[in-house]
Amino acid sequence: MDTGKNSARKSSTAASPASVARRKFINSVAAAAGGGCLLALGAGLYSRQAAALPAQALRPPGALPEADFLAACVRCGLCVRDCPYDTLKLSDLGEPVATGTPYFTARKIACEMCDDIPCVKACPTGALDRQLTDINKAQMGLAALVDHESCLNFLGLRCDVCYRVCPVIDKAITLETHHNPRSDRHAMLLPTVHSDACTGCGKCEKSCVLPEAAIKVFPRQLAQGALPAHYRKSWEEKARHGGSLIGEQVEMPARGFEGSTAGRAATEAVTAPTGAAPAAPSVPPPPAKTAAGINSRWKP
Amino acid sequence: MSMATTTVSSASGCAPARSLWQRQRWLILRRASQLLILLAFLSGPWFGVWIAKGNLSSSLTLGVLPLTDPLLVLQTLVTGHLPYSSALIGAAIVLGFYLLIGGRVFCSWVCPVNVVTDAAAWSRRRLGIKTGRVPDANTRYWLLGGLLLAAAATGTLAWEWVNPVSLLHRGLIFGMSGGLFVIAGIFMYDLLVASRGWCGHLCPVGAFYGLLGKKALLRVAAPNRKACDDCMDCFAVCPEPQVIRPALKKVGQESPLILASDCTTCGRCIDVCDKQVFKMTHRFDQRSE
Ligand code: SF4
Ligand code: SF4
Ligand code: SF4
Ligand code: SF4
Ligand code: SF4
């Protein structure tokens, strides 16, 4: 028994020390390779999950599109150091922004839109693109007046703060006059953001007087929709060509607004196209006029 | 650091007493180097005196000297992004320095994680912890390949999400909270699971710098190896003990130089050896007493 065991062990070591060594080697290589693959997989998955920028994190001016930015930024913080307003911050592990990358939160410290853009100049990698030389062309994000129920201007007051603080005032944000349906005789001056000029600096959100800002700045892809590429706007095409492209069209009467004041000044007389539209049975009779406000009679 | 008192004493008490400086010289110099590098980055935010801006990933010293981690630039290139020349020049300078001086000089003289893992190794020795399982030392090269693969596959610097080296250095300079868990994890791993587990077996950053150090000039040698009384102090204290034997015991080489690029040139073997077997020297110094 003993001798058998011994001889067996002896033969196995004597006959194939190479195979034992090889097995050991293969085992350790497999373990190590497994580790390497796991790392690649884990880091890959984690990075994909974390690659979407959360809604309230904005990249510095000139930042490449997010996917390219995450390839280029080495997380050195040189942009953070050269920002004179301490706007930028490096993300820490566990924050929703990719670990170590620079971002800012508009409501905390907005970007002051420095003329010389020191953050872009400081970046050694091109994660912040030096082709951005005019800070007014920056696209850090896009403001959106998200809360129409709380914005003081939507309530018919004249707050205007977001409009007044905008460094690109009257281009990035304007006050648009709208009829106030509540009083039916006043105007609302609604802060309106224009995506072609808004830099996403965040000053409007930062300055909103409400406890929670009614205007917020988001990364562009969150705040902006897009028309299909083949869409043409008839009025723009018309203006460009100096006339309709499909010839004169028959003007059809607008139905459904009989007796309504929608879209008209309160003083303007309501002129329903009585002659052109002979009593159509489908059109309900005009309702009793309410004291204030419009009623488009639209029901879900 | 608590490391300053590290001495693994052998049973023999007959060696001539050496002063504290003689016993801790290289450790003190290394800690000073690590601390000064950190202070160069912190003097700006703390005192308004700007010496170095940024962090180890990329920095600008005195407004003129760009330095960039070549491993990071390599990953960036793998993702398909070509960085600006300032990052490329910075990476070339760092690359040249470590190629010339010694790759893993980064580990023992610059990297902040080294302090953590040294502390873990010291605690492990002190507490006599022998538990755990050590991974294969080649795992780090697989991880190095894995992180490059991850960069290529995701098109992002995926490794930077978790890289403890940049996490700690950036955190010390720019503030951290979540990253501390990773660092604590490494400490506990080295303490309880694997002796010298992180820096000696897993860290792909160290592996990368190790690869740079194949022909480095600065080397530790054992010219006085005749005096070695086999106390094993150097083996106990060395973060990469396998590198010592060829030079000390003439295994596979005649030269007294520690040539393996895994040697971090930390000089701890010089410090702890009562027989003064080791010394810091250069690659062409073949003298042996
Ligand atoms: S433009 Fe000025 S304020 Fe804005 S992030 Fe850059 S340095 Fe800071
Ligand atoms: S300076 Fe450039 S590379 Fe460095 S953290 Fe800022 S964006 Fe990233
Ligand atoms: S974010 Fe606000 S303040 Fe800044 S440009 Fe846009 S609208 Fe103006
Ligand atoms: S092995 Fe890695 S963590 Fe350890 S000292 Fe070297 S670079 Fe730093
Ligand atoms: S051989 Fe000496 S110098 Fe090299 S890593 Fe080991 S203790 Fe440090």
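In this predicted model, the side chain of T199(A) places a polar atom 3.3 Å from the backbone nitrogen of C201(A). Such a polar contact is a pair of N or O atoms within 3.5 Å; within protein, one atom must be able to donate a hydrogen and the other to accept it, and residues adjacent in sequence count only if both atoms are side-chain atoms. T199(A) belongs to the loop between β5 (186-193) and α7 (203-207) of chain A, where helices (H or I, at least four residues) and strands (E, at least two) are DSSP runs numbered from the N terminus. With a relative accessibility of 2%, T199(A) counts as buried; buried means under 20% relative accessible area, exposed over 50%, and partly exposed in between (1.4 Å probe, protein chains only). The C-alpha atom of T199(A) is separated by 5.0 Å from that of A138(A), although the two residues are 61 apart along the chain. When neighbours within four places in sequence are left aside, the residues in contact (heavy atoms within 4.5 Å) with T199(A) include M113(A), I135(A), A138(A) and V168(A).

N180(A) is located in strand β4 (residues 173-180) of chain A and is buried, at 4% relative accessible area. Beyond its neighbours within four places in sequence, N180(A) is in contact with G156(A), R185(A), H186(A), A187(A) and M188(A). In the loop between β4 and β5 of chain A lies D184(A), a residue other than glycine with a positive phi, near 65 degrees. D184(A) is buried as well, at 17% relative accessibility.

Chain A as a whole contains 9 helices and 6 strands, and 38% of its 300 residues count as buried. Of the contacts in chain A between residues at least 6 apart in sequence, 61% join residues at least 24 apart.

In chain B, R196(B) also has a positive phi, near 50 degrees, and is not a glycine. R196(B) occupies the loop between α8 (179-193) and α9 (197-202) and is buried, with a relative accessible area of 11%.

The largest pocket has a volume of about 530 Å³. On a 1 Å grid over the protein atoms alone, a pocket is an open set of points where a 1.4 Å probe fits, with protein on both sides within 12 Å along at least five of seven lines; lining residues have an atom within 4 Å of a point. Grid points are joined across faces, edges and corners, and the volume is the space filled by probe spheres set on the points. Among its 27 lining residues, L56(B), L67(B), V94(B), Y98(B) and V110(B) are the closest to the centre of the pocket. The greatest contribution to the lining comes from α3(B), with 4 residues. By class, the lining comprises 18 nonpolar, 7 polar and 2 charged residues; Ala, Val, Leu, Ile, Met, Phe, Trp, Tyr, Cys and Pro count as nonpolar, Asp, Glu, Lys and Arg as charged, and the others, Gly among them, as polar.

The shell around ligand 1, formed by residues with a heavy atom within 4 Å of it, includes C83(A), C111(A), C114(A) and C119(A). This shell holds 10 nonpolar, 1 polar and 1 charged residues.

Residues are numbered from 1 along each chain as its sequence is written, while chains are lettered from A and ligands numbered from 1 in the order in which they are written. Local features need pLDDT of at least 70 and side-chain atom pairs count only at pLDDT 80 or more, whereas totals for chains, interfaces and linings use all residues, and side-chain values use heavy atoms, with hydrogens and water left out.
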